[in-house]
Structure formats: structure tokens, C-alpha cells
Amino acid sequence: MQRIYFDHNATTPVHPVVVDAMAAALRDEFGNPSSVHYFGQRAKTAMDQARSAVATLIGGDPAEVVFTSGGTESDNHAIRGIAEALEPTGRRHLIATAIEHEAVLNTLKALARRGWTTSLLPVDQTGIVSPGALRDALTDQTALVSVMHANNEIGTVQPIAELARMAHERGALLHTDAVQTAGKLPVGVRALEVDLLSISAHKFYGPKGVGALWVRRGLRLLPILTGGKHERNRRAGTENVAGIVGMGAAAALAAAKMDEDAERLGALRDRLEAGILRAVPGTAVNGARTPRVPNTTNISFDRVEAESLLIALDLEGVAVSTGSACSSGTLEPSHVLKAMGFPPHRAQNSIRFSLGSANSEAEVDRVIALLPAIVEKLRSLTRAPVRV
Amino acid sequence: MSGGVDSSVAAALLAEQGHDVIGLSMQLYPSTGPGQAGGGDRAFGTCCTLDDLLDARRVAAAIGIPHYILNFERQFHDTVISNFVREYAAGRTPLPCAHCNSDLKFSTLLDRALGLGAEQVATGHYARVEQLRDRRWALKRGADADKDQSYFLFSLTQEQLARAVFPVGALTKPAVRAAARRIGLQVAEKPDSQEICFIPDGDYAAFVARQEPAVVRDGAIVDQQGRVLGRHGGVHRFTVGQRKGLGVSAGAPLYVLRIEPQSATVTVGPRPALEQTTLTASGVNWIAGDAPAAWLPVAAQIRHRHRAAPGRVRALEDGRAELVFDEPQPAITPGQAVVFYDADFVVGGGWIQ
């Protein structure tokens, strides 16, 4: 079966150049970067190059980049590291949006259990946070505001710079989870005016298990992993050298071809979106169409269980996604669509299509051609709730 | 595919026979177990926990079929669990597996499967489906008399039976385990699941009380003459025929005879008083035929572990039936099913009133 992968917001295939760079690092750079000798220095040099490439991708300085195990750790580090660093100042209030990734939401919940107060900013059906909501939520006790750069489910881009200025006016810091934008849109830490920014390598054709947290120079952040003095005392543990090298290679590739990719993917996504809306009755796009990452569309299929549609498409070789998966891989109603104020059925009938660099017009057209019959069949079998 | 040996072998046999098989598992409650304060460990080893779902996934990978886990937590709660709680609150003893079969597996799950392009749904039940000469579908006991599960399937309609496949129904349990070993399935030696999968600790009363706190209402335990022998903490703690946990003593052992939810009264008496000859059933499904016009001789089974006893049955109005046993039977329990058999064939069944 010819398989079509439309789930790049979940993860991307590792680019062959990245694979080669990692294989070389595994083979040749086995030294411990903390070691004084030749082998350690080589590994350290390889890591430094990667750090520069990552810094270039996000417009920061290499010294501001802390390598982590991925987006979740970066988000945890930003929030917990700032919360604990600012605890003695009495700033014990944290703000995030209701559509953040679980890495942020559940970290806030964990801190709430330990005495921090937390606020979640609402969103409307555009899926974009209003600056007014942040203005209302900010207090003189607010330590940190965490707002994702783009939402993973619907792709909408948040007005980060405006929100950051607003936070700064009240003496609060702003963290953004840029996991879904790095490699897709320009992510300039200075232009965004943020204090902390999370990225993850496997979302831009790098390996899983490695990410980075950008921390503005001079910002005091407590480590969440304690131990040796790795990563300038910010993240203990012998570094994942091959992974970091892979992330560096992926960052360099992304920086080089982002503009071209974004334009091509935007056209493909628009073709897919328009094609589905035209071919399948009872469909609608969830959230604002702009500003949005160019590869993502989230579409509601009236009177269809997204779970069934996802499986039916997989059986036809088409990989898509929806909502958030729980531990067994089953689907939960999307907290993002719920937060946007959609009724529960719409939070359960929506599918995310997220395109990537290898996708073609032919693949988009095949999916558009497949959908009407699949959806019609599923709708024909929707029965009233069973007798109890 | 529950992750147990029966449904695993069912899937494997169909795949071996060259059918185009899609593996589906149902997640029926949060993976920590329903309402379990203690978390995941207590749910371990019962059907459809996270570990079981992952077992199902491993089996599917081993036999080379696609596999998906469907989230039916809401549907399971709205059909099976709510009925279970309501029945106990009403002084009856529910049979959730039968509801799960007819209201979930062969309705919601069947619809999902048809939506995915499937033609039939196979399960690991020990029962057999046969098409009769007149094209109607018949339900028969499984070949393994000890494992037979036709009792839990009596409420399937003709439409549901036409879509049902029971690949292990013709096998004995040892043969199923042998098939699992031959195919190399990791679940070959996995223990059988408990009867009620969503209450792993077996404390039904505590489960019902958590789900429906209003049932926790004190009442009297009385004898057949109405004399109060003691008090109890709610009718949901009792089932007809129950002997243990009454908290009252008399010369001879006492058994629950009747449960009256309105007055929260539990009537107890000696064992002979437990025996009855007649019962009325409602919601009767005459599975492969029309309701009989006259008294029909049958063997009737009144709970899963009851040896079907001879008697005669006749249809009443409103989907009800009256059954008269040849010999009195102990503990005819409202809420349980009565299933009528002609040899191995299920003639019909209904809910004991």
C-alpha cells in the first residue's frame, strides 16, 4: 500500500542529512563533552556547532541555548525553573492559555497543587488569544506567562510580541512554546520579545529525544535536573551528543529552506483545505485561517466520529490525527476545540491534517478523492443512541 | 480484542483462514480503573486495562493485522455501568455482560466496524451461530459446555447474529490455549478474566455506592413473617440467594429471599423458602423464531452457573413470558437473564422480573 503521511505536527521523518550527521557523531564523537582530553573536546566542538545552528534558527546567541530532551522538558524547565527562581520575590502567579500543550497545562496544575496560583486565558472560536484577556489576568504577583507560538491542533499563531510587551509592563516574564513554529515560520526571539522559548528537534526533521530551551541572557532560571555543571549549570546530565548534532543539522536545513517550504506547503494546505470543503458536505475549518502555520488545517466533519474517520483513513494508507491521544492511543475530545467554545460533538468530529516537505499535490488530491465515500459510509451508520 | 486468549485466538484463526481482519479493542474506562481511588494497580489483571489493550496490540502485530483501540468510555458508562447501578438500586441483580454484548459490542462497535468496511464482527465468545434452512440465524451453546457463553448473548437480534462470528465457539478452552501456543501468541497462558471487568476488586456494593450515593439508605432485614431481625446499609448490598454478610443470626442458615427497594426491606428465610417453580420474564427475545403460540417445553437457565432445568414456557403480552419449571429452582433472581434452550439451541430469553 502506498502510504501518505499527513501528521507532521505529531512528528516528522528524520531528514537523510540528519541521519548521516547523527551516524557520524555516534561513530566518531563518542567522547564526553565535559572531558578535558582530545575526545571530549571533539564532542564539545560538535555540540557547539549544533548550538550555533539552533541559535541561528531562532535568532538567539548560542550561549542562550540549553539542550533538553525535547519540548516537554523545555516547557517544564521554563515554567518550573522560573517559578522556583522567582518564588522568594513573592511572585507566585502563573498564566497560560487554555489551548496550551499538556506539557504546559499539566505543569501549571502540578505547581497549583504546590501553592502557586494559576490562570488560564480563554480563546474564542478563532483560536487566538486576545491581548485584553491577558491584560485582565496579569497581576503584580504574576511571575510568568506561557503562550504557545502556534497551536499544535489548529495551527493558529498567537500575537506573542504584543503579549510579551504587556507581560513585561507588569514585571512578568513571557515563555513561548514554539515547538510547532520552529522550521515552519520565522522564530526570532528578539522580534518576539520573549524571555524563554521551547523547541523540539523532531518537529523539524530532526531526531526525537532532543530539544532546546532558549533562555534570554542574564535571566535567572533554576535547573529542574540537578547534578553536574553541564549546559552552564542549567541542565545536568551528560549530553545526548548525537541527538544534539542531529538537531543542529536539522536546524541548519530548516533555516536554509524554510521560506521555500512555507510557500509550497501553504499552497498544498490551501489546496487540501479547499478540496475537502468542496468535496465533502458538512465540513468546516476550525479556527482562524490566518495567521496560521502554513502546513496545518483542522477540519470538522459533521455527524462523523473523528476516531472512525482516522481509522478508516489509516486503513486506506492515510495518516492523520486529531485531538490528543491518551495512554492507550485512543482519542479524547480535544481540549483545544473545547476551549474555543465548540460543542462537545465538534470536539469529537475534527481531524487535523499537517503536511510536510515530502508531500505532493498528487497525495493531496488522492486524500480529497478518498474522503467523500468514507465520510458518507460513516454517516450512513450513525444510529441514535442505543436503548438502555 | 480484549487482550485475552479467546479473542486473540479468534482473530488469529480468522487471519489464518485468509480473512481480511481488522483488530479492534474497546477502552471502556480510564486506564486507572473506574472510580478506583487507588489507581492503576488494582485494575491489573482484569479485562481491558491498559496492559490488556497493549496485549491485544502485541497479538495484532504478531499475526500481522491492523489494530485500533476505540475509546468507548462514554458509551460503556451510558449503557452498561448506568444500567448496572440502576438495577442494584432497584433491588435487582444485573447482568452487565449481556448488556455489553447487545448494546455495545454488537451495536456501537458493530456500527464502527461496518463504517470501516467490515462485513462481520468476530469476538472470542464460546457460542456458535448457524444459519437455518429458512435463512434465519440460530444461536447455539459453545462446544465447551463448561465455558459456554450463549447465556450472555440471548438478546442478540437476527440482524446482530447475521453479523456475528464466534471463531472459538466450536473449540474447547484447552484447544484454544493450544492454538495460541501453536501460533506463538504471548497470551496463551493468560488467566481467564473475571466476570465483571469494571469492578476488579469484586466489591460491587462499594462500586454502586460510589456511582449512586443515594442508594446508601438503611433498611430492615425481616423474616418471612415480617419480624425485624436486623438492619442493613442499603439494598444494593444484597442479591437473592445471598447467605453471607447478612449480619443476622438464626438457628438455621438464612438466605435473601426478596429485596424491596421502596421500603429498603430485605426479606430472609431458610433455604427451602428460596425455591420457586415459576417466573416471569420481560424484554423476551425469541431469537430465531416467533413467540410460541402454546406452552413450549424447554430447558431454562437462570444464571451463568446454573444447569438448565426442564420446564415449559409460554409467551405473554408486551414481550413477556411465563416459565414453569418441572422442579423448584433455588434463587430465581430478578435482574438476571432466563434463557430457554432446546438442546444446544437458544430458543429465546428475557429478564427475570
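In which handedness of crossing does α1(A) pass α9(A)? I took this up at the start of my notes, keeping in mind that the model is a predicted one, and I found that the crossing of α1(A) past α9(A) is right-handed.

**Entry on the helix pair.** I looked up the geometry next: the axes of helix α1 (residues 16–28) of chain A and helix α9 (residues 241–279) of chain A come within 8 Å and cross at roughly 150°. Because of that angle, α1(A) is roughly antiparallel to α9(A). I then listed the residues that make the contact, which on the α1(A) side are Val17(A), Val18(A), Ala21(A), Met22(A), Ala25(A) and Leu26(A), and on the α9(A) side include Val241(A), Ala242(A), Val245(A) and Gly246(A). Sorted by class, this contact has twelve nonpolar residues, one polar residue and no charged ones.

**Entry on the cores.** I turned to the largest nonpolar core, which holds 125 residues, and noted that Leu309(A), Ala337(B) and Val338(B) touch the most other members. The element that gives the most to this core is helix α4 (residues 96–115) of chain B, with seven residues. For Leu309(A), leaving aside neighbours within four places in sequence, I noted contacts with Phe301(A), Val304(A), Ile351(A), Ile374(A), Val375(A) and Leu378(A). I also recorded a second, separate core of 89 residues, with Val18(A), Ile154(A), Val189(A) and Ala242(A) among them.

**Entry on a helix of chain B.** Last, I checked helix α7 (residues 204–211) of chain B, where the buried residues are Phe207(B), Val208(B) and Ala209(B), and I noted that the buried residues of α7(B) pack against α3 (73–89) of chain B.

Definitions and conventions: Residues numbered from 1 in each chain as written. Chains lettered and ligands numbered in written order. Predicted model: local features only at pLDDT ≥ 70, side-chain atom pairs only at ≥ 80, totals over all residues. Axes fitted to C-alpha atoms, helices over the stretch in contact; angles between N-to-C directions. Helix = DSSP H or I, 4+ residues; strand = E, 2+ residues; numbered from the N terminus. Parallel < 35°, antiparallel > 145°, perpendicular 65-115°, else oblique. Left-handed = near helix turned anticlockwise from the far one by under 90°. Contact = placed C-beta atoms within 7 Å. Nonpolar A, V, L, I, M, F, W, Y, C, P; charged D, E, K, R; others polar. Core = buried A, V, L, I, M, F, W, Y, C linked by C-beta atoms within 7 Å. Buried ≥ 20, exposed ≤ 12 C-beta atoms within 10 Å, placed from the backbone.
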